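Student: I would like to go through some local features of a model and learn how to read them. Please start with a backbone feature.

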Amino acid sequence: MCHHHHHQQVASQMNRREFLTRTSLAGVGIAALSSLLPNNVFADTNPKPILPHFAPKAKRIIYLFQSGGPSQLELFDYKPKLKQLFGQELPASIRGNQRLTGMTSNQKSFPLAMGKFQFAQHGKSQAWVSELLPHTAKIVDDLCFIKSMHTEAINHDPAVTFIQTGSQQAGRPSFGSWLSYGLGSENQNLPAFVVLLSRAREGDQPLYAKLWGNGFLPSEHQGVIFRSGDNPVFYLNNPGGMDKVSRRRMLDHLAKLHQAQVKHVLDEEINSRISQYEMAYRMQSSVPATLDISKEPEYIYDMYGEESKKPGTFAANCLLARRLIEKDVRFVQLYHQGWDQHGNLPNDIKLMAKSVDQASAALIKDLKQRGLLDETLVIWGGEFGRTNYSQGKLTPENYGRDHHPRCYTIFMAGAGIKKGISYGETDEFGYNIVKNPVHVHDFQATVLHLLGIDHEQLIFKNQGRRYRLTDVAGKVVKDILA
């Protein structure tokens, strides 16, 4: 049998990849071939990042996201001028030719609005806080207010997507997914990224699962929603007739099948799926124990407020957030809906402030008394601010405010953040930023920095482009770092 013929026969018995690998001339063929094969099967385009890049100040994050855009003017950004000029026109020179939403762009008049709420200075830091937030007012010396946040989006969906994923378009990984991917989990029995939802009034902007989605990162990094009720995580419980032993047997068998498949199909997602099944199995015992707040002492309920006993409220979720980070969950994201006040703002904002004030402050005090605030970063804020002029009819008792991306206030507390400071400033109308603007990407870069991550180095390559949470922007706000 001639040498050539024998070679052909062997080749037909080998698969294409083995054949090309064995017969390539000193591997030169591989380089050429790998550029032709789908997804470059011989090269891992995304080697796991080695993190943290430097010593982190924060280990974990609790992000108390106020969905809908709370009015900074009624809560934190005190502008006495708006009271003095109540009902007068916003000067055109202040408004400029700025983009307005479809809700107020056809208004003939832009009357300046301010309610009857009183402001006072609190603490050693003399921070201004409105009477709507009496509990928050008591802890201002632990807080860092950023009064000069600004964003690019003017409507809810793109704005929330932007601050959570770094892009106004859906499909990018969320903040928590980037951290789960980059830093991994510290507790093998709970997800690295947990999401808790609450609302204080009906009829507000919906939230979408893409906000805690993994985008193009492996699916094990998506946020896991914990709901209130008997079935906090969907599909976690065994179906009727299946016990723990048979579930374990099924998973072992599934793992064997997957192992066999991995040999032939180079699909990362298979491993992801297996790790999710395994996590779900371990969560069957860890989740009920973590969510059982009945063992909390009475003084804790008093601290977080009456609502903390009611599952699904913001207060109960704040208490759960503390329990989750005690168990080393890396990123706990609360979404609290109801802040979109285009009308009836004076009444609705009272209700909203009451639903969050006590529990937000309690969480920070509770973390502090347990020695956990030193390694946990707490963030409080929404996707944009509100206009200083009224949307719709203005009366001394009632008015609304439209979306305002040009300036708004958030606060942070905890690991690595300066205490008792206000950073950034808006003009006397509370319309434009006059000092130290902080863009959404700057905020994201700063939070990553606190976790020991250089935001320009946390990269994932997808479809030929390198992506990061801060897209192609963002600078760390050094002045607010402790």
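Tutor: This is a predicted model. Start with Gln463, which is exposed, at a relative accessible area of 77%; over 50% counts as exposed. Gln463 belongs to the loop between strand 16 and strand 17.

Student: What is the phi of Gln463?

Tutor: The general idea is that most residues other than glycine have a negative phi. In Gln463, phi is positive, near 50°. Asp471 is another case: phi is about 55°, again in a residue that is not a glycine. Asp471 lies in the segment after strand 17 and is partly exposed, with 21% relative accessibility.

Student: Which residues does a cis peptide bond join?

Tutor: In general, most peptide bonds are trans. Here the bond between Leu51 and Pro52 is cis, with omega about -5°. Pro52 sits in the loop between helix 3 (28-34) and strand 1 (60-67).

Student: Where in the chain do Phe216 and Phe460 lie?

Tutor: Phe216 is in the loop between strand 5 (193-199) and strand 6 (224-225), while Phe460 is in strand 16 (residues 460-462), so the pair ties together parts that are 244 residues apart in sequence.

Student: Are these two residues buried or exposed?

Tutor: Phe216 is buried, with a relative accessible area of 18%, and Phe460 is buried too, with 9%. Buried here means under 20%.

Student: How are the rings of Phe216 and Tyr467 placed?

Tutor: Their centres are 4.8 Å apart and their planes are at 40°, so this pair is tilted. Tyr467 is in strand 17 (residues 465-467), and the pair links parts of the chain 251 residues apart. Like Phe216, Tyr467 is buried.

Student: Which residues do ring pairs link into a cluster?

Tutor: The cluster consists of Tyr63, Phe65, Trp212, Tyr335 and Phe443.

Student: Which charged residue sits over the ring of Phe110?

Tutor: Arg95 does: its charged end is 4.0 Å from the centre of the Phe110 ring.

Technical notes. Residues are numbered from 1 along each chain as its sequence is written. This is a predicted model: local features need pLDDT of at least 70, side-chain atom pairs count only at pLDDT 80 or more; totals for chains, interfaces and linings use all residues. Side-chain values use heavy atoms; hydrogens and water are left out. Helices (H or I, at least four residues) and strands (E, at least two) are DSSP runs, numbered from the N terminus. Buried means under 20% relative accessible area, exposed over 50%, partly exposed in between (1.4 Å probe, protein chains only). Rings of Phe, Tyr and Trp (its six-membered ring) pair if their centres lie within 6.5 Å; planes under 30 degrees apart count as stacked, over 60 as edge-to-face and the rest as tilted. A charge sits over a ring if NZ of Lys or CZ of Arg is within 6 Å of the ring centre and within 35 degrees of the ring normal.
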